[in-house]
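Okay, thanks for coming, everyone. Let me put the model up and then walk you through a few spots.

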Amino acid sequence: MKTSHITLYGIPNCNTVKNARAWLADQRVAYVFHDFKKEGVPAELLPGWIAAMGWELLLNRKGTTWRKLDEVTRLAVVDTPSATALMLAQPSVIKRPVVVWPDGKVSVGFDAAAFAAHRVP
């Protein structure tokens, strides 16, 4: 879905989100920030993110939140519905930042070259 702006989804104290926000600011690129902690995960957008990149990429199995989950919860994440339920319940388990670009493409994580490749306005 095309938009007129960049939306960056994440958690303000996440280092990768901080790096992405700093890069956008340095490039003087306007964006909207959606704070998972304050605003939650947009349930209506999550299926599109999963369709675009797969739940396996979106789910951060290396992060602190994942490691703090009990083994039963971790082992229960085996498909899109179970991953979706966990991401909605525990937003910090989503790899960050999730970026929705004006052309409708979705990316996860921060890489300066990848951000620049989007030819941000």
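By class, the residues lining the largest pocket are four nonpolar, seven polar and two charged. For the classes, Ala, Val, Leu, Ile, Met, Phe, Trp, Tyr, Cys and Pro count as nonpolar, Asp, Glu, Lys and Arg as charged, and the others, Gly among them, as polar. That pocket has a volume of about 230 Å³. Of its 13 lining residues, N60, G63, T64, S92 and R96 are the closest to the centre. Helix α5, residues 64–68, gives the largest share of that lining, three residues.

Quick word on terms. The search runs on a 1 Å grid over the protein atoms alone, and a pocket is an open set of points with protein on both sides within 12 Å along at least five of seven lines; a cavity is a set where a 1.4 Å probe fits but cannot get out, and lining residues have an atom within 4 Å of a point. Points are joined across faces, edges and corners, and the volume is the space filled by probe spheres set on them. Helices (H or I, at least four residues) and strands (E, at least two) are DSSP runs, numbered from the N terminus.

Now the housekeeping. This is a predicted model, so local features need pLDDT of at least 70 and side-chain atom pairs count only at pLDDT 80 or more, while totals for chains, interfaces and linings use all residues. Residues are numbered from 1 along each chain as its sequence is written, and side-chain values use heavy atoms, with hydrogens and water left out.

One more thing about R96: the peptide bond from R96 to P97 is cis, with omega near -10°. P97 itself is in the loop between α7 (80–89) and β3.

On to the aromatics. How many aromatic pairs does a search of the whole structure find? The search turns up six. Rings of Phe, Tyr and Trp (its six-membered ring) pair if their centres lie within 6.5 Å, with planes under 30 degrees apart called stacked, over 60 edge-to-face, and the rest tilted. W101 and F115 make an edge-to-face pair, 5.0 Å centre to centre with 90° between the planes. The pair links distant parts of the chain: W101 is in the loop between β3 (98–100) and β4 (106–108), F115 is in helix α8 (residues 112–117), and they are 14 residues apart.

Are these two buried or exposed? W101 is buried, at 1% relative accessible area, and F115 is buried too, at 2%. The cut-offs: buried is under 20% relative accessible area, exposed is over 50%, and partly exposed is in between (1.4 Å probe, protein chains only).

F115 also pairs edge-to-face with F110, at 4.8 Å centre to centre and 80° between the planes. F110 counts as partly exposed, at 26% relative accessibility.

Next, helix α3, residues 46–53. Which residues are buried there? They are L46, W49, I50 and M53. Down the axis of α3, the buried residues fall within an arc of 100°, so they line one face of the helix. That arc is of the directions from the helix axis to the C-beta atoms. P47, A51 and A52, on the other side of α3, are exposed.

M53 and V106 are 53 residues apart in sequence, yet 7.8 Å apart in space, C-alpha to C-alpha.

Compare T84 in helix α7. T84 is buried, at 18%, and T84 and A30 are 54 residues apart in sequence and 29 Å apart in space, C-alpha to C-alpha.

Last stop, R28. Its phi is near 55°, a positive value in a residue other than glycine. R28 is in the loop between α1 (15–26) and β2 (31–35), and R28 is exposed, at 76% relative accessible area.

That's my tour, so over to you.
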